[in-house]
Amino acid sequence: MTKHLQPIAEGLWSDDEQPHLLGGQAPDGKIYFPIPEGDSGKNLDIIKLSRQGTLWSFTRQDFRPKSPYDGPEEFTPFLLGYVELPGQIIVESHIVETTLEELKIGMAMEFVITPFDDTRSTYAFRPEQQ
Amino acid sequence: MSKVYIIGAGIHPFGRTDERSGRDQGVFAARQALEDANLEWQDIQFASGGSIAAGNADVMINDLGLTSVPFINVFNGCATGGSALSTAQNAIASGHCDLAMAVGFDKHPRGAFNANPSSFGLPDWYGQTGMMLTTQFFALKLQRYMQLHGISREALGRVAEKAFRNGERADHAWRRTPMDIDTILDSPMINHPLSKFMFCAPAEGGVALILASEKKVRELGSNAVGIASVAIRSRPPGSFEVYAPSTDIVDGGKPTTLASKAAFEMAGIGPEDIDIAQLQDTESGAEIMHMAENGFCKDGEQEQWLAEGRTEIDGALPINTDGGCIACGEPIGATGLRQVYENVTQLRGRAGSRQVNGNLKTAYSHVYGAPGLSGVAILEV
């Protein structure tokens, strides 16, 4: 359902059937997300980050942020949080297909591409579906 | 390094002053600090100061006087005031001069701060998708902390309740009407678990301090407060900080812990020796987490401390005696120096109805801000 939407940024996630967030890995093994722009990104190997993780923390955005927020004018509160990708890194993300009340730190989450507005998509995590 | 003293302190009331620019509020504070020290601007041999949103501090010489004084502009986020203080302290400690001024002021538009991603080395999508908000960071850090260390939402309410109660007694505070805990807990949610009255709001204000060498203190017979230490630290690897699209799995420590340890080490004392503390309270959870990060209690002990009123003005360790950022508002360039102003006022016994009783010897202040830096100053008499 998001196929016709333009990704909010190029190179943020992979173009697979099952997309992954893209990170950069330094020769010492350290992982960066997003892949740094400029010189500091040059020596990194691009790697696919895990599609599965656990919820590290969460909150809900209850007011429409000022610019540079570029979401729909008609604001609906949205969930966001950090998801720990095992052995890799903890990433900040929108959280979808759930409610604040259902969220618990440590719960299993999975990666998903989600509509951002009428023309663009962004990345998110949702509770893992059994 | 020789010892440096604060001999004058001035403040422009925090809040909203539509008819006065941020810099003019700085000039107001500078004149008050000079008067307090019984000095003229012409006596000042070095100045440092800054703002984040209200322009360059050195332009103040147009109002204060063209004395050819060297004036260093500081632009260091939430540590602007602390860095101005540290710069002025070093100028005296190194023997470069005997009298210096540190000044900080600011004036922000209403509503939450909105940062430009590129100023912080971040991609545009991070701001566009609505994840680059300081309020979210504090909520996300706090949500996890509360679950890991058993802090209740009621504790968040208690901190804000104390802030408004103390603010009522501080002439320079902005929000001076006490508020009951239920009103705080039931106010509109901003970022769960934090509701509106648990947050500070961007504001305006100015603070100036006059610093002097030991020789000058003796010569002038000043009512002086000693600077035991000033430490500013940026973030270590693996610390969870504001404006972070990602963070490391391995927790690597925090800038506040580093700044606190360094300040205590330089001062040669520990947290148990501190009589009063001003801690960064961007929201009430920040004050709770910073109590532990600065070494005053263990993680989780805050719940009981607050229930017992240990951080009230008449408690064992009064915290944010002027209502902190929650009651005073947050003019970024001025906050760090407001905390020092409050400590100077308390140590001199001039805090009126909010004066902490007892023979105060030491006072601690701590600021924290983007992109992960902390400043700590310890004063002593």
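Modeller: Let us begin with burial: a residue is buried if 20 or more other C-beta atoms lie within 10 Å of its own, and exposed if 12 or fewer do. Please keep in mind that this is a predicted model.

Biologist: Which residues of α6(B) are buried?

Modeller: In α6(B), the buried residues include B:A155, B:L156, B:G157, B:R158 and B:V159, and also B:F164, B:N166 and B:G167. Twelve of the 15 residues are buried, so α6(B) is largely enclosed by the rest of the structure.

Biologist: Against what do the buried residues of α6(B) pack?

Modeller: They pack against four helices of chain B: α7 (181–186), α10 (284–293), α11 (302–307) and α12 (324–328). Helix α6 itself covers residues 153–167 of chain B and reaches 22 Å from its first C-alpha to its last, close to the expected 21 Å.

Biologist: How is a sheet to be read?

Modeller: Strands of a sheet pair through backbone hydrogen bonds, either parallel or antiparallel. In chain A, three strands form an open sheet in the order β3-β2-β4, with antiparallel pairing. Its edge strands are β3 (31–32) and β4 (45–48), each pairing on one side only. Two bridges join β2(A) to β3(A), and A:G24 has A:Y32 as its bridge partner in β3(A).

Biologist: Where is A:Q25 placed, and which residues does it contact beyond its sequence neighbours?

Modeller: A:Q25 lies in strand β2 (residues 22–25) of chain A. Leaving aside neighbours within four places in sequence, A:Q25 contacts A:I31, A:L44, A:D45 and A:I47. A:Q25 counts as partly exposed because it has 18 C-beta neighbours inside 10 Å.

Definitions and conventions: Residues numbered from 1 in each chain as written. Chains lettered and ligands numbered in written order. Predicted model: local features only at pLDDT ≥ 70, side-chain atom pairs only at ≥ 80, totals over all residues. Contact = placed C-beta atoms within 7 Å. Pairing = 2+ DSSP bridges. Expected span 1.5 Å × (residues − 1).
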